[in-house]
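Here is a short report on one protein model. Please look over the sequence and the fold before reading on.

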Amino acid sequence: MFPTRRLAQGGFFKRSANEFGRLSKIAWNTEALHTPTKPYTLLNFEDESTVKECKTMADRAVGGFSTASLDYEPAGPSSNTPSHARFHGSISTKLPDNWRVERTEQEEKEKKTNTYKQGYAAFRNKDRGFWLFGRLFWDVDPYAYLALRIKSDGRRYTVNVQTDAVVETDIHQHRLYTRHHRLLDTPKLQEEYDFQADSPDAIEDLYPSGVPAALSDIPPESTIISTSTSTTTSGSNGWETVLLPFNSFVRTNHGFVIEPQTSLTKQRVKSIGIGLTDRVDGPFDLRIHKIWATNGISEAEIEEERRICGDNALPLDEGVSSGWTDKSKENSVKEESKQQDRDSNKKGLKGLKSEWEE
């Protein structure tokens, strides 16, 4: 029997229509000929259905005790809090009772790998399905940054991007730095472990060529977060937007950095999610409003940015100078470029767009 009824009731034709509509807009606006100046929304958690289209994971799958939930939270108009997803649960580094068993050398290596997985929780979007031309992917090739509007509890979360790669289990990762990012001492593991997570051997296993900048505890210069020194957030209660350069993501496999490093395939992004592997026992709570691709905070984004993030809002065009300007140039060259923009009375991304089209 042909599943015609299922096709009609499912999201196949709707996905195809939406994708055709999106591509038609790109063609109509000739966005393929220049750098896009409008954001490309990937996951919008103001829509409850987006939350339902995500899945959670935790180390319970390998016998652990961590928990993870992703719930839809309605808007709070009085505090300018948008509808969003709440990623919460509890991290436990406790090992299952039967973990101490005799193993071969290969099994011993697998056991050591599994101990790294204790204290793990994450979520990501489910498979996006198919449309008329095959499997549906996100194409973020024209964009420089992955933007996330979040409200963090300060724990050390990691952003995970999976693409249609040769090695299916490869994931590109970047630490989710925020204004509330805390540097916490990694706790010692239980005495029965035959290694420690913060020992030189463990670090060498995880990072054979040293800790990559994008996964270190100190935010690299390429990461853009609010620099506001205000102790209060005007009507936003801690919401902020973080810009992570796509070219800074680190290729990993099962938590281990893989060499040689390869850039993520931006034309074929399968899933985006956030994980917590800081190995600190206790509850966690992260709020996510939206995840999108961008080339800098544009006029199309600034109103919402200021309304939700208040004092922590990124300024108009934030991300442009660091993302599109050759960093080897002197600061004076940057200042001269900015002055030329002011002199020409052209503002932000629209000004850059008109220059490229000339």
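**Basis and overall make-up**

This is a predicted model, in which local features need pLDDT of at least 70, side-chain atom pairs count only at pLDDT 80 or more, and totals for chains, interfaces and linings use all residues. Residues are numbered from 1 along each chain as its sequence is written, and side-chain values use heavy atoms, with hydrogens and water left out.

The protein has nine helices and 15 strands. These are DSSP runs, numbered from the N terminus: helices are H or I with at least four residues, strands are E with at least two. Of the 358 residues, 44% count as buried. Buried means under 20% relative accessible area, exposed over 50%, and partly exposed in between (1.4 Å probe, protein chains only).

The protein exposes about 19400 Å², and carbon and sulfur atoms supply 49% of that area. The areas come from the Shrake-Rupley method with a 1.4 Å probe; for residues, only the protein chains shown count as cover.

Contact means heavy atoms within 4.5 Å. Among contacts with a separation of 6 or more, 77% join residues 24 or more positions apart.

**Helix H6**

Helix H6 spans residues 299–309. Its buried residues are Glu301, Ile302, Glu305, Ile308 and Cys309. Seen down the helix axis, they fall within an arc of 145 degrees, so they line one face of H6. The arc is taken from the directions from the axis to the C-beta atoms. An α-helix has 3.6 residues a turn, so residues three or four places apart point the same way.

Glu303 and Arg306 are exposed on the other side of H6. The cover over the buried residues includes strands E8 (145–151), E11 (240–245) and E15 (282–294). Gly310 follows the helix, with a positive phi near 55 degrees.

Which residues are buried, and at what relative accessible area? The table lists four of them, one per row.

| Residue | Relative accessible area |
|---|---|
| Gln173 | 16% |
| Cys54 | 10% |
| Val320 | 9% |
| Cys309 | 0% |

Gln173 sits in strand E10 (residues 170–175). Its side chain makes a polar contact of 2.8 Å with the side chain of Asn160. A polar contact is a pair of N or O atoms within 3.5 Å; within protein, one must be able to donate a hydrogen and the other to accept it, and residues adjacent in sequence count only if both atoms are side-chain atoms. Beyond its neighbours within four places in sequence, Gln173 touches residues including Thr158, Leu215, Phe249 and Thr252.

Val320 belongs to helix H7 (residues 320–324). Val320 and Thr294 are 26 residues apart in sequence, and their C-alpha atoms are 9.8 Å apart.

How many disulfides are there? The count is zero, with a disulfide taken as a pair of cysteine sulfur atoms within 2.5 Å.

**Aromatic rings**

The whole structure holds seven aromatic pairs. Rings of Phe, Tyr and Trp (its six-membered ring) pair if their centres lie within 6.5 Å; planes under 30 degrees apart count as stacked, over 60 as edge-to-face and the rest as tilted.

Tyr157 and Phe284 form an edge-to-face pair, 6.5 Å centre to centre with 70 degrees between the planes. Tyr157 lies in strand E9 (residues 157–163) and Phe284 in strand E15, so the pair ties together parts 127 residues apart in sequence. Both residues are buried. Ring pairs link Phe45, Phe87, Phe123, Tyr157 and Phe284 into a cluster.
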